[in-house]
Amino acid sequence: MDDEKIIELFFERSERGIRELDNKYGKICRRLSYGIVNNRQDSEECVNDAYLGAWNAIPPARPSPLLPYILRIVRNISLKHYWGGRAAKRGGAYTVAMEEIEDSLAGLNTVESEIEARELARIIGEFLDTLTAENRVIFMRRYWFADSYRDIAGLLGLSEKNVSVRLTRIREKMKQYLIEREVSV
Amino acid sequence: MNVKKFSDAMGELDTRYVDEVLGYRRKPAWPVWAKWVAAAACFCLILSAAITFSARLRPQESPEDVSGAQSPAPEPVTAPGLLALTVRAVSPGGEEAGSPAGEEIVMQEGVEIALGSHWNPAMSSRPGIPFTLSAPECPGAAFEVSADGGALLLWEDGGITPAESPFSAGNGAVIYWSSLTQSADGSVELYENDTTYIDIVIREGENIVGYAVVGIYADDPDAGDAQAFTYHAELLKSVSFPAVDGDYQNVTPEYVSSEIAKAKPGG
């Protein structure tokens with residue numbers, strides 16, 4: 001079923017809309033959530049909560065395209081779960097990804113005034129705009145979607161080693177970018 | 001370093017970065033063997049020219065010679081295809097590179113192309129995936145096109161016409177392939193096979209002067225980015241039958257059918 005039809009079902013307050021949403025995008029939603037919370041049951045709960053969030057937001061919202069919209073809700077709820085300490089195990093893909101970031105950006109907290117997340121997002125966005133499309137996708141796959149090196153390599157037709165090397169360079173480049181702008185996180 | 005703040009900031013990123021990831025298709029790889037394919041193509045060209053030239057030099061057989069035992073029909077002389085098959089492919093820089101609909105490129109034999117992505121039978125402004133057929137060296141060429149799945153459509157003067165399979169298209173025609181088929185009772189069905197083959201026979205008048213086979217492959221929505229209705233295409237084979245001694249060769253539809261079948265995996 002196409003996205004517009006699903007949204008129409010939400011507008012009609014038909015619960016079939018949620019079933020169709022799950023049929024179409026449930027797999028990718030669960031995968032994203034599992035990468036963050038590292039637990040099947042928890043990820044299932046997060047995805048269900050995200051569907052409820054979408055149910056409450058549509059209408060009046062009429063997101064187009066629908067997939068990024070629902071993924072953003074899934075990610076936010078999963079991260080709330082993760083940072084709230086309710087994630088069963090902090091050993092999943094997201095934990096590993098955050099450890100990489102922590103290692104590579106250590107030492108950026110020497111400046112007195114800390115930056116707000118929204119402002120940091122704007123600067124990261126500017127930094128992403130300096131990358132090639134492929135490197136940008138690799139970065140987002142790793143730190144937004146919490147994909148493993150293997151998954152990224154498979155998606156982009158690269159070797160895992162290549163993905164690893166590229167991510168290391170991108171992190172180093174981002175660190176330099178943030179240092180030049182005197183960013184403290 | 002506060003990784004939570006970094007994580008929060010990632011969540012605040014503009015949606016276009018997420019859109020880009022979901023719509024990203026890897027660039028069609030130029031395999032290592034591509035240069036060997038190119039070299040082989042050059043070799044074939046030289047070989048076909050040599051065969052054509054030697055055929056001209058060969059003395060005419062006398063009537064007595066041909067009156068004896070019947071020999072098997074000779075294989076037609078072939079040369080690289082004369083079909084220029086244009087598709088709208090994902091642009092090399094990705095969908096965000098100022099060309100959301102992709103760019104027009106001419107398909108090369110054996111090279112897989114990620115088609116202009118996100119064609120969706122229900123939501124797209126186009127009736128299907130467009131293929132432009134032309135044979136610049138044969139202005140009078142006509143194309144007999146058939147597909148073993150989905151539907152072939154023509155989109156002219158604002159109207160969409162289902163095309164019979166096979167149907168004949170003129171030089172420069174644009175045909176659309178759709179995964180939706182409409183049955184006689186008007187119901188619409190989704191063609192769910194992963195692979196579709198489009199067979200193209202090129203004629204000048206009654207004479208067959210070439211053929212081509214295109215494979216269309218549905219991307220696996222479970223492969224990571226879950227975009228339905230995205231496809232790859234590959235020109236599996238494109239062959240022409242050049243004139244010998246200034247005359248068309250006697251190429252039969254049966255011969256072309258068998259060669260087209262061989263060009264498909266498992267054929």
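Modeller: Start with the chain as a whole. Chain B holds 5 helices and 15 strands. The model is predicted. Chain B has 267 residues, and 32% of them count as buried. Take the contacts in chain B between residues at least 6 apart in sequence: 68% of these join residues at least 24 apart.

Now the strand itself. Strand β7 of chain B covers residues 151-156. One partner is strand β10 of chain B, residues 174-178. The two pair in the antiparallel sense, over 3 bridges. Within this pairing, B:L153 stands opposite B:Y176 in β10(B).

β7(B) also pairs with strand β8 of chain B, residues 159-162. The sense is again antiparallel, here over 4 bridges. B:E156 has B:G159 in β8(B) as its bridge partner.

Next, confidence. The mean pLDDT of chain B is 75, and 70% of its residues reach 70 or more. Over residues 60-70 of chain B the pLDDT is below 50, and this stretch has 1 contact in the model beyond near neighbours in sequence. Residues 92-100 of chain B also have pLDDT below 50, yet that stretch has 17 contacts beyond near neighbours in sequence. For the model as a whole, ipTM is 0.88 and pTM is 0.48.

To return to your strand: β7(B) pairs with β10(B) and with β8(B).

Methods. Residues are numbered from 1 along each chain as its sequence is written. Chains are lettered from A and ligands numbered from 1 in the order in which they are written. This is a predicted model: local features need pLDDT of at least 70, side-chain atom pairs count only at pLDDT 80 or more; totals for chains, interfaces and linings use all residues. A residue is buried if 20 or more other C-beta atoms lie within 10 Å of its own, exposed if 12 or fewer, and partly exposed in between; C-beta atoms are placed from the backbone. Two residues are in contact if their C-beta atoms, placed from the backbone, lie within 7 Å. pLDDT is the predictor's confidence in each residue, from 0 to 100. Two strands pair if DSSP finds at least two bridges between them.
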